Amino acid sequence: MRNIYDFTLKELEDYFVSIGDKKFRATQIYDFLYKKRISDIEQMSNISKSIKEHLITNFSFDKIKLIVKQEDKDVKKYLFELLDGQRIESVLMYHDYGISICVSSQVGCNMGCKFCESGRLKKVRNLEAYEIVQQILLIEEDIKERISHVVVMGIGEPFDNYDNLMRFVRIINEGKGIAIGSRHITVSTCGLIPGIERFMNEEGQVNLAISLHAPNDEIRRQIMPIAKVYDMDSLFEVLKSYIDKTNRRITIEYIMLDGINDSVEMAQELAVRLKGLNCYVNLIPYNETENIGYKRTKSSQIMKFYDILKKKNINVTIRREFGSKVDAACGQLRANQSSN
Ligand code: SAH
């Protein structure tokens with residue numbers, strides 16, 4: 001039985017028409033689920049008994065379960081249990097421009113980036129769209145506030161779960177539903193070229209972020225196995241077509257790993273590589289984890305790296321840090337739970 005939170009409005013409309021009911025029923029259901037936040041069918045007024053019975057027999061209204069919450073002042077971390085017992089996590093961050101949430105897209109991840117905690121557990125399965133949607137609903141219910149921005153940067157590689165990712169994007173972007181604007185949604189990928197190619201042909205203005213983390217193939221291959229499949233020349237070629245096609249600026253994520261990718265020469269090499277590309281670079285201070293040997297670059301070196309990019313006219317920021325006190329680096333909360 002498919003979960004009711006897995007349907008785009010259009011699909012739900014088609015469904016009601018197909019059973020001889022009115023298209024408008026879909027809007028009504030969306031209104032209950034996403035505006036009034038009612039998931040108990042009995043509380044859905046204005047819906048006839050026979051439709052209610054139909055819904056109960058044909059759809060699942062089940063929700064994932066919040067099992068652990070950790071908080072610090074500007075960050076909250078949530079561990080969820082899915083209906084089959086698998087666990088994923090999401091992170092909520094308070095910014096001056098609003099509230100953002102970082103959602104997971106898979107249970108585990110197959111990309112195997114050496115520095116990343118999430119990838120230590122191989123992919124168990126993709127998340128269904130409803131499981132990503134519900135991360136937002138449950139967190140909004142918890143904080144009793146509306147989330148303004150969504151980043152798909154939690155556990156998983158979104159472009160390795162493309163169809164469910166896009167279904168999720170359409171559901172949360174729907175004006176009659178949660179209505180998060182596409183410009184407030186960012187999808188981050190380690191660089192799966194076929195995914196980027198599909199993504200540039202989608203409607204809407206969803207942002208794209210690329211986890212680059214290295215100025216050249218040699219270093220990238222040491223830390224990201226995917227770089228052996230897609231080299232940087234091919235990646236940059238597709239990024240250029242993405243920018244040409246969408247007219248949108250992309251984000252380049254660059255984790256600062258001590259002694260690995262953070263030298264002055266590498267900053268210069270990166271600047272050359274990025275010259276003329278409509279992008280901005282987000283330098284990410286690495287969150288060290290117990291299980292992985294990499295160390296965080298010292299702040300003074302991060303500043304040097306930053307200055308070099310700046311001088312070469314590259315747009316660059318250093319990511320503000322959230323929640324290292326509550327183990328908010330990707331994958332860490334989950335990793336600390338005994339179910340692994
Ligand atoms: N697979 C996608 C989505 C996950 S994004 C991608 O690779 O883009 C998660 C982001 O957090 C990536 O940029 C990843 O490289 C980064 N990240 C992973 N582990 C981290 C850590 N310990 N500290 C800081 N950033 C980390």
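The second largest pocket is lined by 13 residues, and M166, V169, R170, N173 and E203 lie nearest its centre. By pocket I mean an open set of points on a 1 Å grid over the protein atoms alone, where a 1.4 Å probe fits, with protein on both sides within 12 Å along at least five of seven lines; lining residues have an atom within 4 Å of a point. Two elements, α1 (9-18) and α5 (162-173), each give two or more residues to this lining, and α5 has the largest share, four residues. Helices here are DSSP runs of H or I, at least four residues, and strands are runs of E, at least two. Domain 1 (4-58) and domain 2 (65-326) each contribute at least three lining residues, with bounds from an automatic or database domain assignment.

A quick word on the source: this is a predicted model, where local features need pLDDT of at least 70 and side-chain atom pairs count only at pLDDT 80 or more, while totals for chains, interfaces and linings use all residues. Residues are numbered from 1 along each chain as its sequence is written, and side-chain values use heavy atoms, leaving out hydrogens and water.

Now, the ligand. Which residues are closest to the ligand? Among the 18 that surround it, they are E157, S188, S211, H213 and N287; surrounding means having a heavy atom within 4 Å. A polar side-chain atom of S188 lies 2.6 Å from a ligand oxygen, and for E253 that distance is 3.1 Å; polar contacts are pairs of N or O atoms within 3.5 Å. Finally, β8 (185-189) and β10 (250-256) each supply at least two residues of the shell. Thanks, everyone!

Technical notes. A polar contact is a pair of N or O atoms within 3.5 Å; within protein, one must be able to donate a hydrogen and the other to accept it, and residues adjacent in sequence count only if both atoms are side-chain atoms.
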